Amino acid sequence: MKFNPDKKYIYWGLTAFLVIIACLVVSYIVYNFSNFFKGLGNFTSVLTPIVNGFLIAYLLSPLMDLYEYSLIPYIIRLFKKDSEIKNKKLIRYFSVFLSIITLLLVIYAFFQLLVPQLVSSIKSIVNSFPEYANTTYDFFENLFKDNSDLEMLISSYSDNINKFVNENLMPQLNKTLSSVSSGIFVGISSGLSFLRNLLLGLILSIYILASRDTFLGQFRKILFAVLNKKLAKDIVGEMHFINATFQNYIVSSIVDSTIIGILCFVICLILGIPFPTLISVIVGVTNIIPFFGPFLGAIPSALLILLADPIKCIYFLIMILVLQQFDGNFIKPKLFGSSTGLPGFWVLFSILVGGGLFGIAGMYLGVPVFAIIYIYIKKRIHKKLSLKGLPTETKDYILTGRNDDHLNSL
């Protein structure tokens with residue numbers, strides 16, 4: 001007798017088996033919480049060089065495409081007119097080599113040009129700190145001289161202040177200094193681990209870039225093998241859209257921050273604002289973060305300038321306001337165009353949620369990630385409305401006052 005199992009019962013049995021496995025896994029995680037996260041941390045540290053490799057390869061992909069499809073073929077045609085490029089694999093390897101060399105040259109130029117200036121600015125701040133402290137002390141001394149009531153108020157609390165300094169502040173400072181001294185060794189170890197992972201990631205990125213088309217082809221092959229043809233094509237199309245959105249956003253934000261940093265440096269030199277290199281680097285780097293970036297860069301920079309020259313601090317704050325208005329109204333629209341397509345509220349929403357979940361990286365990447373989700377939901381809603389024969393414009397669904405009679409005509 002031939003046995004013909006019902007597919008329905010097989011499906012139920014498989015579902016029950018998977019539910020039991022999931023319950024066992026959750027139970028293990030709950031009762032071995034610390035061990036689980038310790039193992040997860042070890043697993044994450046092992047994957048760090050691989051993740052770094054994919055990130056570096058992804059960031060270098062536009063540069064490699066520039067070399068592979070534009071610059072190198074153009075140079076070849078200069079020497080061999082109307083010649084067909086045959087050895088494309090050699091051009092790919094040479095493009096990868098040039099991309100890595102370009103990255104290393106940019107890093108070298110950054111350290112060679114900016115780091116000495118940054119060190120000089122920091123040394124100047126440290127050496128001049130006693131002078132800044134004396135200026136602050138003189139300011140408060142003159143303030144108390146001219147205000148006897150304020151001086152009496154401070155003197156009435158002097159015993160409490162001395163008690164707080166001797167019993168609370170000084171012991172806490174000693175603890176802080178001891179923790180800092182022990183933390184230096186941890187910082188050195190973490191720095192060496194970071195450099196090792198970065199170097200391994202750089203090496204892996206060479207292989208990833210050289211075999212990029214093969215990896216992407218294997219990914220598409222798996223999609224078409226596992227999913228139906230229409231769904232696989234839809235996923236490939238969405239992946240192209242996601243890649244274009246991220247590439248445009250990353251490149252545009254880097255160019256925008258570079259322009260702002262250079263403009264800030266030039267204006268600081270013209271106005272005679274102290275520490276121009278250090279201030280420009282802080283402003284340029286923090287400008288990468290949308291919306292909150294200008295404030296994150298302006299606050300510490302303003303405090304540094306305030307120590308040296310309070311009047312120049314006012315000039316700096318005015319300059320930052322003007323510079324950010326120029327950036328928001330002229331530079332960003334030209335560079336970004338409609339790459340995000342997010343209204344202002346959702347930009348702020350994505351920055352707050354991304355920053356709350358993933359910190360600085362979340363603040364930066366929250367905008368393109370949410371833009372992709374926003375556009376995907378918008379496309380799905382428009383598609384469903386079109387199938388129902390309904391308008392897709394939001395203005396058609398806005399109530400005019402308290403009258404919603406126009407909705408009945410949809």
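Trainee: What makes helix α8 count as mostly covered?

Mentor: Nine of the 11 residues in α8 (residues 276-286) are buried, and buried means under 20% relative accessible area, exposed over 50%, partly exposed in between (1.4 Å probe, protein chains only). Among the buried ones are Pro276, Leu278, Val281 and Thr286. Bear in mind that this is a predicted model, where local features need pLDDT of at least 70 and side-chain atom pairs count only at pLDDT 80 or more, while totals for chains, interfaces and linings use all residues. Residues are numbered from 1 along each chain as its sequence is written, and side-chain values use heavy atoms, with hydrogens and water left out.

Trainee: Why is Cys264 called buried?

Mentor: Its relative accessible area is 0%, so Cys264 falls under the cut-off. Cys268 has 1%, so buried is the word there too.

Trainee: Why is Lys384 called exposed?

Mentor: Lys384 has 51% relative accessibility, so it passes the cut-off for exposed. You'll find Lys384 in helix α11 (residues 344-387).

Trainee: Which residues gather with Lys384 in a patch of positive charge on the surface?

Mentor: Arg380, Lys383 and Lys388. Patch residues have over 30% relative accessible area and no salt bridge, with like charges joined within 9 Å and nonpolar side chains (Val, Leu, Ile, Met, Phe, Trp, Tyr) within 5 Å. A salt bridge is a side-chain nitrogen of Lys or Arg within 4 Å of a carboxyl oxygen of Asp or Glu.

Definitions and conventions: Areas by Shrake-Rupley, 256 points an atom, 1.4 Å probe, with all protein chains shown as cover. Lys, Arg positive; Asp, Glu negative; His and termini not counted. Charge placed at Lys NZ, Arg CZ, Asp CG, Glu CD. Helix = DSSP H or I, 4+ residues; strand = E, 2+ residues; numbered from the N terminus.
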